[in-house]
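Welcome! Here is a short briefing on how some side chains pair up in the structure below.

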Amino acid sequence: MKKLLDVWRSLNLPNQLTLVRVALVPVYLVLLWAFADDRELCVLPLLVFAAASLTDMLDGKIARKYNLITNFGKFMDPIADKLLTHTAFIMLTAMGRLNVVACIIFIAREFVVSGLRLCAVEQGHVVAAGMSGKIKTVLQMLLVMLLTVTGRGRMPELLTLAAAVMTLYSMGEYVWQNRSVLGGAR
């Protein structure tokens, strides 16, 4: 236990927030599973997901503001993001709250963009996050929060559509803006 605490203390605040986000994923899952049909207690998984989403925003802002960017953070932050959102997408789809086509779009986009980033790195380029990707993330996180407490109605349908359209747009934009990376990949 002491070694674990020593490792924790050796991490900077942004990296600690990233690991908190990872740790909140199973908490969200268990609470969603346990309280999905309870009108009052479904707020618990909502609060956990909202807190985890907040760590996503905070870790990057703190790292950039105080120049605390590390290789660990560059590696773990996107993994933590994907674990949080994709776990929620899959669980909400299994529960019948998220349309399966939307779930596939959300997950496929990440494979495409991650692959593009790998090709870029091999060629010495960096594919930075664009505004459409940030908007996509906000819409997806709002959608997960809404679907955590309700799965039916006009609002979840409209937000699912908006998130899916922005996800496809963001993917298309990344591919188009970085098409030279794909042409140069061997």
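At 48% relative accessibility, Glu 157 counts as partly exposed, a class that lies between buried (under 20% relative accessible area) and exposed (over 50%), using a 1.4 Å probe and protein chains only. This is a predicted model, in which local features need pLDDT of at least 70 and side-chain atom pairs count only at pLDDT 80 or more, while totals for chains, interfaces and linings use all residues. Residues are numbered from 1 along each chain as its sequence is written, and side-chain values use heavy atoms, leaving out hydrogens and water.

**Salt bridges**

- Side chains of opposite charge can pair when their charged atoms come close.
- With a salt bridge taken as a side-chain nitrogen of Lys or Arg within 4 Å of a carboxyl oxygen of Asp or Glu, the count comes to 10 salt bridges.
- Glu 157 has Arg 154 as a salt-bridge partner, with the closest N and O atoms 3.2 Å apart.
- Arg 154 and Glu 157 are three residues apart in helix H7 (residues 154–177), so about one helical turn separates them; helices here are DSSP runs (H or I, at least four residues), numbered from the N terminus.
- Arg 154 is exposed, at 60% relative accessible area.
- Arg 9 and Asp 6 also form a salt bridge, their closest N and O atoms being 3.6 Å apart.
- Arg 9 is exposed at 59%, whereas Asp 6 is partly exposed at 36%.
- Asp 59 bridges to Arg 21, with 3.0 Å between the closest N and O atoms.
- Asp 59 belongs to helix H3 (residues 43–65) and Arg 21 to helix H2 (residues 13–35), so this pair ties together parts 38 residues apart in sequence.

**Aromatic rings**

- Two aromatic pairs turn up in a search of the whole structure; rings of Phe, Tyr and Trp (its six-membered ring) pair if their centres lie within 6.5 Å, and planes under 30 degrees apart count as stacked, over 60 as edge-to-face and the rest as tilted.
- Tyr 28 and Phe 49 have ring centres 5.4 Å apart and planes at 55°, so the pair is tilted.
- This pair links distant parts of the chain, with Tyr 28 in helix H2 and Phe 49 in helix H3, 21 residues apart.
- Tyr 28 and Phe 49 are both buried.
- Phe 89 and Phe 106 make a tilted pair, because their ring centres are 4.7 Å apart and their planes are at 40°.

Definitions and conventions. Helices (H or I, at least four residues) and strands (E, at least two) are DSSP runs, numbered from the N terminus.
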